[in-house]
Amino acid sequence: IVLTSDFILYYYQNNLKQIYKEIEKTTFFENIWDISNSMYQMSLVRYKNRRDQMGLANDPLLEASRLECAYFATALSLMSPTKNQLKQDAESKDETLFDEKEAEKYYFELPDFLKDDVEKEVNLIRSAKRGVVKSPLFLYDRDYQYFLVPQEYNRSAKLKNYYLTLRWF
């Protein structure tokens, strides 16, 4: 048996790639969720304080606060598992899907003032359609093919959501 340096380097790179994907799926995913959730909570408080102070008037700072909330709400919505990303039963051994415990942990409920815009934006991101479409959230033209998920991130629901969120950021 002959082991060349090319083979050893290839083997080493593949192992590193697998280890990195596992770290992304566990540690990085949770860190991004925690940071996004903290930022969302702060922006929501800022929005509600401004809304209580000014009312629903035509106020640029109020709209800026709403957009900030929407930005982080979109990230949290992208990270939350969809119905087809959940294990069907508790005894399922499918590691590519979210289990019941993770589904509860990463559950995110959109507030009414963001629901329509964020849901439309998330649907466009998940579909990754080719061509320029006007963003329902930020009202500028965007090519959503930018969110096309590479094959190595499509193998796991968590990795797919993680990838979409990083692209969103």
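## Aromatic rings in a predicted model

In this predicted model, ring pairs join Tyr71, Phe72, Phe138, Tyr140, Trp168 and Phe169 into a cluster. A search of the whole structure gives 17 aromatic pairs.

**Exercise 1.** Determine how the rings of Phe29 and Tyr106 are arranged, and where the two residues lie.

*Solution.* 
- Step 1: The ring centres of Phe29 and Tyr106 are 4.9 Å apart, and their planes stand at 85°.
- Step 2: Planes over 60 degrees apart count as edge-to-face, so the pair of Phe29 and Tyr106 is edge-to-face.
- Step 3: Phe29 belongs to helix H1 (residues 5–54), whereas Tyr106 is in the loop between helix H3 (100–105) and helix H4 (112–127). The pair links distant parts of the chain, 77 residues apart.
- Step 4: Both Phe29 and Tyr106 are buried.

**Exercise 2.** Decide whether Tyr71 and Phe169 are buried, partly exposed or exposed.

*Solution.* 
- Step 1: Tyr71 has a relative accessible area of 21%, so Tyr71 is partly exposed.
- Step 2: Phe169, at 39% relative accessibility, is also partly exposed.

**Exercise 3.** Find which ring the charged end of Arg167 sits over.

*Solution.* The ring is that of Tyr146, and the charged end of Arg167 is 3.7 Å from its centre.

Definitions and conventions: Residues numbered from 1 in each chain as written. Predicted model: local features only at pLDDT ≥ 70, side-chain atom pairs only at ≥ 80, totals over all residues. Heavy atoms only, no water. Phe/Tyr/Trp six-rings, centres within 6.5 Å; stacked < 30°, edge-to-face > 60°. Helix = DSSP H or I, 4+ residues; strand = E, 2+ residues; numbered from the N terminus. Buried < 20%, exposed > 50% of the residue type's maximum accessible area, 1.4 Å probe, protein only. Lys NZ or Arg CZ within 6 Å of the ring centre and 35° of its normal.
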